[in-house]
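Hi everyone, thanks for making time. Please take a look at it with me.

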Amino acid sequence: MPLLKIDDQEIETKAGETVLSAALRSNIAIPYYCYHPALSIVGQCRMCLVEVKGAPKPLTACSTTVTPLPPDKKIDGKYDMVVSTKSEITRRAQRSVLEFLLLNHPLDCPICDQAGECQLQEYSYTYGDPASRFDFEKVHAPKRVEIGPHVVYDGERCIKCTRCIRFCSEVTKTGELTLAERGVHTLVEAFPGRKLDNPYSVCTVDVCPVGALTSREFRFKERVWFLQSANSVCPECARGCSVRYDTYKGDVLRIVPRENPEVNAFWMCDYGRLLSERLKDIPRRDRPGIRTEKGWAFYSFEEFWPIFAKRLQASGNSPFGAVLSGRMTLEEMAAYKLLAAKVLGNSAGTALNIASGADDDLLIRRERRPNLAGARRMGIAVSEENCDVAALLKNKRRAIIIREDVVGDAPVPQRPAVVKALQETELLVVAGDAFTATAELAHVYIPLAAWHEMEGTTVNFMGQLQKTARVLLPPRNRRPFYDAVSAWLKASGEEAPEGGFPAWFAEVKKAVPELSNKSLRDLLPRGLKLSEVAP
Amino acid sequence: MAETLKILTRAVGMQNSTAIDTYMHGGGYEAMMTALHKMSPEQVLGEVKASNLKGRGGAGFPAGLKWSFLPRKREGDKQEPRKFLVCNADESEPGTFKDRLLIENDPHQILEGIIIAGWATQAAGCFFYIRGEMPQGAKIFQRAVDQAYSRGFLGKNILGSGFDFDVWVCRGAGAYICGEETALMESLEGKRGQPRIKPPFPAGYGVYGVPSNINNVETYANVPHIIKNGAEWFKAIGAPSLPGPRLYGISGHVNRPGVYELPSNTTLRELIYDFAGGILGGRPLKAVIPGGSSTPVLRADQIDVTMDVDGLKSVGTMPGSGGVIVMNDTVCMVRALHNLMEFYAHESCGQCTPCREGTHWLELLIARIEAGEGKPGDPERIAEIAGNIMGRTICPLGDAAAMPAESFVRQFKDEFDAHVKEKRCPCKATPMTSRI
């Protein structure tokens, strides 16, 4: 394989590998804008120009492949290519390209939404000149163009790297975008009569290295350096995209994809991303409650469990009908199983399979819940697609609904038959992160932490086990279902795992033998591939 | 005074010169028949290689060598790999108007060259991409193609040789950049005309991704003569570094502007003073651009060189497309450069950074100097910016814009400095409307 030398470092290259890719995997800094590992190579920005020994002019590292030289022509007797990222020629090329890029780029970083995560800022700091030599009026271009329902385009900040255009033509294959005009008036436009409205449109904002494309939902909400971030998993379909939640003062402001070749490459769909918006509309109650003839009474958790335990005892010992959800983590499922065995009269729970639409070629799955594959692995039944909840609860005097599927597209009590079935129960316990219409029908309501408020593990449709994070602290006493179960078991005089997530993860390990020798550390950052067939 | 050659331009001025009968009456299509019936593709290729025919579009790459890059049928292959020829008739370089003369006066000569090249490379057909602003030429060439089809010179099984070859005439939409070979191919495919990154070169990935060879109109026009008269005959014409007849289009301040067919060992002085009749109004010569606006400019004292590669290289310039632009002492060089830079800034496709931003910056700086608002250091900055564009872009348009900028400032530094210092033009030329 060709031997490449970059500065003082020797790199054994792979067949057909480019200088830039060899440098990136060897942690050698070469600046670039238009290059993106998932997109075709166009060599347009010229930022990655480097001096290559023997070449008459600097070459773009992104498009220059390292080809083997005949043995007698090797440089210094052994190298097939010698590249310098620090020589005067390279430095001058980098400085001049940056100067060109900034000529007509507005220097209003203080009010730019990209500030803090802008490649132009970062490279200017590292490679650029401190002062601008351009003493003319900058070229003006359209600003605040609503190029799509979720994306806003700023023609002045755009550096014409065409990553967004290539994303639309190569990844989603929808081809909405193009360059228009020529020369310094060049700008990105949607084709006439079209909008950037494909299901992955906001990924263009992710790939935009500057502030030219901004997300309509997030733009100007907060300066990025004030955001607190946590890596987690998207709960909106069976893909379970690796994501990062960005939060500020207790609110999720945006959700962005994390690179994970095993799951979602670099992308995520707009629907999953806009969960951050839908979270705002969830009706919540922070305290557990019990409904009597006089109406709802809400308690602190300390008061609640003894009262609840009594109510439970009074309700007899017929098995609970249990409706579970693919939004429960593996730990919550393990907790349910323990609860079912000890307190719920050996109830057999069924996780609802919520489905809509169709699988697409990229990420979106018809199965809309993140952890149904996990349920199957945990030995929990998964219902038919969009099954009849009324049938599941038929002839059940006692019932429990955990993490009712309401945040998405299919709340349980859509049909009168379901409402009737719920009303006919003598004891209906609803444990969930939202206080929904179903909760209103319940006799007991246990508030839970939401998906992004707890640690847990989840398995996607391909068997990838990933860890979710406690992105935000749940308000007040809301806890993951497994913690509620610990308290419940204790109140019922049973023994229960103590210590929250790690203790319950140990329970999961008991149920999934493949995990027995794995630690939580093994799950980061990309997760763990479980074997194909569920044990 | 030497005579002009009458090889490529022999039909110019002839009555009904575009008709196939006129062309064949003068011995036209004989070379094609020789090639198809008496020569193997390899022999034709060998002859063109031996002639050292260099591309006439501006870069001067040896045509035969370029043809040989196309993939050929290997032993065991059932059929010839699919490939195309492209004829670049997007003649847009400022100061260049030689291809237009050939297209409008002698289309069959070009077509014959294309068919011979098709035979030599065993291509499936040729796209004739003609500049959108030449509707007349497109019409004439299309008629020539139709006539050739009707005689069986194009289409299936040409003259019983078993060789199939088609020609399609395509019109451009008015962009200078589409004269660049890969931008032309993008445009042909109906995409935005912007150059592709190389490699892959057209011989590996050309029109519609098919291996392609692209040559200039004048290059193809030379081919029938090489086949007819032999490589030795061809090489005997002109200087060894640029053999064969060559068309020089001379414009600007000369008494007889026009296209002259000359051997390349003619000097620039002979072209200007003997053939083109000297400087308009008998005034002194100031500057000459020798090969289309992109080639570095020469001063009046640098014209005693032959117009081949070596001769022009000795004064730091190149033969380019053969478009000679002559300027007398009334021309303000700042203004002339402003004119050029306005063109390049306007025509930059905008995809790569140094050219998109650099040409615009150059235009602004030059306009400022011309308007008498130049600042000390501006001429030096022009040279520096040109240096930052040069060799840093995807396609040669960056170089094409940088070379005149750098050379104008270098060759006429006094004039640029005088503009900055005296805040006016020393040659009292009226400035172009200032854009600042």
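Let me start with a term: two strands pair if DSSP finds at least two bridges between them. Helices and strands here are DSSP runs, numbered from the N terminus, with at least four residues of H or I for a helix and at least two of E for a strand. With that in hand, look at strand β7 of chain A, residues 151-153, which is joined to β10(A) by three bridges, the two running antiparallel.

As a reminder, strands of a sheet pair through backbone hydrogen bonds, either parallel or antiparallel.

A word on what we are looking at. This is a predicted model, in which local features need pLDDT of at least 70, side-chain atom pairs count only at pLDDT 80 or more, and totals for chains, interfaces and linings use all residues. Residues are numbered from 1 along each chain as its sequence is written, while chains are lettered from A and ligands numbered from 1 in the order in which they are written.

How confident is the predictor? The complex gets an ipTM of 0.93 and a pTM of 0.94. For chain B, the average pLDDT, which is the predictor's confidence in each residue from 0 to 100, is 95, and 98% of the residues score at least 70.

Where do the chains meet? Counting two residues as in contact if their C-beta atoms, placed from the backbone, lie within 7 Å, chain A contributes 26 residues and chain B 22 residues. On the chain A side, the elements giving two or more residues are α2 (88-103) and β8 (177-180). The largest share, six residues, comes from α2(A).

Let's move to chain B. Its secondary structure comes to 17 helices and nine strands. The C-alpha atoms fill a box of roughly 75 × 50 × 35 Å along the principal axes. Of the 436 residues in chain B, 57% are buried, meaning that 20 or more other C-beta atoms lie within 10 Å of a residue's own; 12 or fewer is exposed, in between is partly exposed, and C-beta atoms are placed from the backbone.

One helix to zoom in on is α17 of chain B, residues 413-422, where B:E415, B:F416 and B:H419 are buried. These three lie on the same side of α17(B), because they cover an arc of only 100 degrees around the axis, taken from the directions from the helix axis to the C-beta atoms. What do the buried residues of α17(B) pack against? They pack against α13 (333-347), α14 (353-370), α15 (378-389) and α16 (397-411) of chain B. The face turned away carries the exposed residues B:D414, B:K421 and B:E422. After α17(B) comes B:K423, with a positive phi near 55 degrees.

Finally, find B:V12, in the segment before α1 (20-25) of chain B. B:V12 counts as partly exposed because it has 16 C-beta neighbours inside 10 Å. Leaving aside residues up to four places away in sequence, B:V12 touches B:L101 and B:N105. The C-alpha atoms of B:V12 and B:L101 are separated by 7.9 Å, although the two are 89 residues apart along the chain.
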